[in-house]
Amino acid sequence: MSVLTRDEAQTRARLLDVHHYRVDLDLTLGDETFHSESAIRFTARTAGDTFVELKPETLHSALLDGAPLDIATLHENRLPLSLTEGEHTLRISTTMRYSRTGEGMHRFTDPADGESYVYTQLFMEDVQRVFAAFDQPDLKAVFEMGVTAPEGWTVLANGITEQQPDGRWQAAPTPLLSTYFVCVAAGPWHSLRTEHAGLPFGIHCRRSLAPHLDADADEILDVTKACFDRFHEKFEEPYPFDSYDQAFVPEFNAGAMENPGLVTFRDEFVFRSAVTVTERQTRAMVIAHEMAHMWFGDLVTLRWWDDIWLNESFAEYMGYQTVNEACSDRFPDTWIDFGIARKAWGYDADQRPSTHPVAPDPDAVPDTASALLNFDGISYAKGASALRQLVAWMGEKDFLAGINTHFKRHKFGNATLADFIDNLASATDRDVHGWAERWLRTTGVDTLTPELDGATLRVKHAGSRPHRITVGVYDRDLVDGRRLVPRERLDVDVPHTATSPVQLPGPRPALVVLNDGDLTYAKVRLDEASLETALRSLSGIPDPLTRAFVWNTLRDMVRDGELEPSAYLEAARAHLSEETDLAVVQGVLAFARTQIADRYVSAAERPAALTLLTGIARDLIRRTEDGEAPGLRLTAVRTFISSATQPDTIAAWLAEGTVPGGPEIDPELRWRILARLAVLDAVDEAAIDAELKRDPSATGQEGAARCLAALPNAAAKAAAWSRLFDSDDLSNYLFTATAQGFWQPEQADLVREYVPRFYPAAAALGARRGPAMAEAAGRYAFPAYAIDAEALAWGEHHLTHDTQIPALHRKLVDQLDDLRRALRVRKP
């Protein structure tokens, strides 16, 4: 397939003005293919040659202004066009193939009831899998969608849909949209509809999830309406589309997609088992994130993919900030979870060889394949952190004034980074252009370190960005020495303190926290006395956001080899039993379990690390016996299960159907226990099959695939490997589940022979099945628990000598860098 280059897109944009698409889809042909017809009205500003993109199973015909084109000229995904100056109409008729990878038109049959659903995910260049298009973001047009669907199905689209007398569904014409925003979702949906602010709102899921959507409908709709109202308080431009539907769809690759008027979400957000309040908060944040895109991304769209951060960083920042403002009764402080969970994603990505600026140089994104690589922790979490620092630096009032100018000037059009910065600069006397150059065009993480001479503070600044931070100064409580009392919070500009030190009031404090409140993006270190205080008294810090920030500091120190993993684990044992913030507990336990226990300690040390974690979990379970903190108790139970080194306790929970004192062992916990029992060789295929009969849902099928791949015997591993790499039958979700089960730290010797086999197998898979499956292979099927020099050598050899598609190559670069870091942390 030919990828679109930036130069080609610019050339085509100069030639064409695209006005209107009429697309008709027939979804009644069966399980494998559908029929697609598109009619595109456009103007050629001059005579010239160009092309239209499509990826058909069969191209039946192509007519330009009524004259047939030679369909044999279709090469890969391009049909060439020779145009005269003036108006044209292009009509193309194709048969297209449904996807099982979450790209294009994805088709899913629900094992719970046999019902089928289809939905589109047309991001970047996948519209070509559904209909012919001039597929680039700056050729916006009006879209009219008509869909013939099986009887009993409902069709959703970007605009309000109506069923016609002949049974076809017709969607209202859209405003000007980029091709990648077009969306259709069809099937026997379970739908709940209401109205808000004069517009129809709806939420939709597959029928087998109906009871679970109904149970959460009030919360989902309340969050949606609250965020909608809050955005209208912030933004002067009203919501620009005719309806607001949210469809929870199966086997979705991303968290959600901001299709105008029809946002699609992964349907794991329809919770069928018990979840914590932080998981509900994450769902609310994603709802707000996608809604922010209705303005930033949909109303005003990037011109080329080098500015993808303009979409994602803004939506990420607005998602957290708007939930924090509009839903504070349900979710008191979203920035705690952002700081301890989401922000770490940005820090990690920014320290790898594959790092890039938040706003990369256009030459660094020459085509769509390279653009796809930038959907990472830098474009989301680092970019959102940069915007949060920008708001702190220039003030929210001026920031929103600049944003509203941006919307007004570019609505229903396209804009660049330069446009965005110019519009922000128009609202303030601050040097926004200089700020953007230093924050958005540079890579890496600055490090801030306090240097104290008595009560005189200097901030050592390793890096190049300016920072406006708050310094928190704490003393020990005179009665309870483990408790810390805030003395002062000082606003400080860095690097100004390097030449003009800050005089702290009073004597030398017990603890100094740079960036208290977490308003900038930088790694922070603690001076020696503050580190000792933190390790001893972390749970005594009164503000949970500060505690989260200090935990992140300790995390970074472990990753950088400046703090022993055992010291982090001991701090967790000392302080989590007293921690009251759920996001903090979850973040600390996740890092301790998945990074320290699985990767940063040696195989000989791992049993002790797991025992320590089960001890922490047991303490938390005892602490929550009164039922006052169900989320904390659920987190502890999950940690106990995943860390168990002996099967007896969790097997008894499974047999009894409950943890003593609760919670009940619901489907999610049942599969979690079975997966751990499989690793521990305490369950067999018959038990897994029996559980699948008990829970034949899609989630159950994934659970069974994960368990079967985790069984510690050669036959199970060989079968799982064959399912992953020797055939293309697995959907994206079943592939991921199988890969998650395959590699286990306890089974390193059993699967050692597969480490060198992974690289050629993954390369071949990526070439056959494309970027989504290549990314899944690099993320989930990588031998992450082979932490030794030989495994690193194998990886480096294949990275150098094999050919991988860009999505896989980028993933392998990151994974091998993480492997090097793990080896450094272990310090053999």
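At what angle do the axes of helix α3 and helix α4 cross, and within what distance do they come? The axes of α3 (residues 277-293) and α4 (residues 308-326) come within 7 Å and cross at roughly 130 degrees. This is a predicted model, in which local features need pLDDT of at least 70, side-chain atom pairs count only at pLDDT 80 or more, and totals for chains, interfaces and linings use all residues. Residues are numbered from 1 along each chain as its sequence is written, and side-chain values use heavy atoms, with hydrogens and water left out.

- Two packed helices are described by the angle between their axes and the distance between the axes.
- Axes are lines fitted to C-alpha atoms, for helices over the stretch in contact, and angles run from 0 to 180 degrees between N-to-C directions; helices (H or I, at least four residues) and strands (E, at least two) are DSSP runs numbered from the N terminus.
- Helices α3 and α4 are therefore oblique to each other, a term for angles that are not under 35 degrees (roughly parallel), over 145 (roughly antiparallel) or 65 to 115 (roughly perpendicular).
- The crossing of α3 and α4 is right-handed, meaning that the near helix is turned clockwise from the far one by less than a right angle.
- On the α3 side, the contact (heavy atoms within 4.5 Å) is made by A284, M285, A288, H289, A292 and H293; α4 contributes N311, E312, F314, A315, E316, M318, G319, Y320 and V323.
- By class, this contact has 9 nonpolar, 4 polar and 2 charged residues; Ala, Val, Leu, Ile, Met, Phe, Trp, Tyr, Cys and Pro count as nonpolar, Asp, Glu, Lys and Arg as charged, and the others, Gly among them, as polar.

**Nonpolar cores**

- The largest nonpolar core has 128 residues, of which W551, W653, F725 and F735 touch the most other members. Such a core is a set of buried Ala, Val, Leu, Ile, Met, Phe, Trp, Tyr and Cys residues joined through side-chain atoms within 4.5 Å.
- Helix α14 (residues 582-600) gives the most to this core, with 11 residues.
- Leaving aside residues up to four places away in sequence, F735 touches L724, F725, L730, L765, M773, A776, A777 and A781.
- A second, separate core of 125 residues includes V18, L64, F265 and V323.

**Individual residues**

- D267, in the loop between β19 (262-266) and α3, counts as buried at 6% relative accessibility; buried means under 20% relative accessible area, exposed over 50%, and partly exposed in between (1.4 Å probe, protein chains only).
- Beyond residues up to four places away in sequence, D267 touches R206, L209, F248, V249 and P250.

**Backbone features**

- Most residues other than glycine have a negative phi, and most peptide bonds are trans.
- A cis peptide bond with omega of about 20 degrees joins V494 and P495, and P495 lies in the loop between β25 (484-494) and β26 (502-503).
- The peptide bond from G662 to P663 is also cis, with omega near 5 degrees; P663 is in the loop between α17 (648-656) and α18 (667-679).
- D65, in the loop between β4 (58-64) and β5 (67-68), has a positive phi of about 55 degrees and counts as partly exposed at 45% relative accessibility.
- D681, in the loop between α18 and α19 (685-694), has a positive phi near 60 degrees and counts as exposed at 56% relative accessibility.
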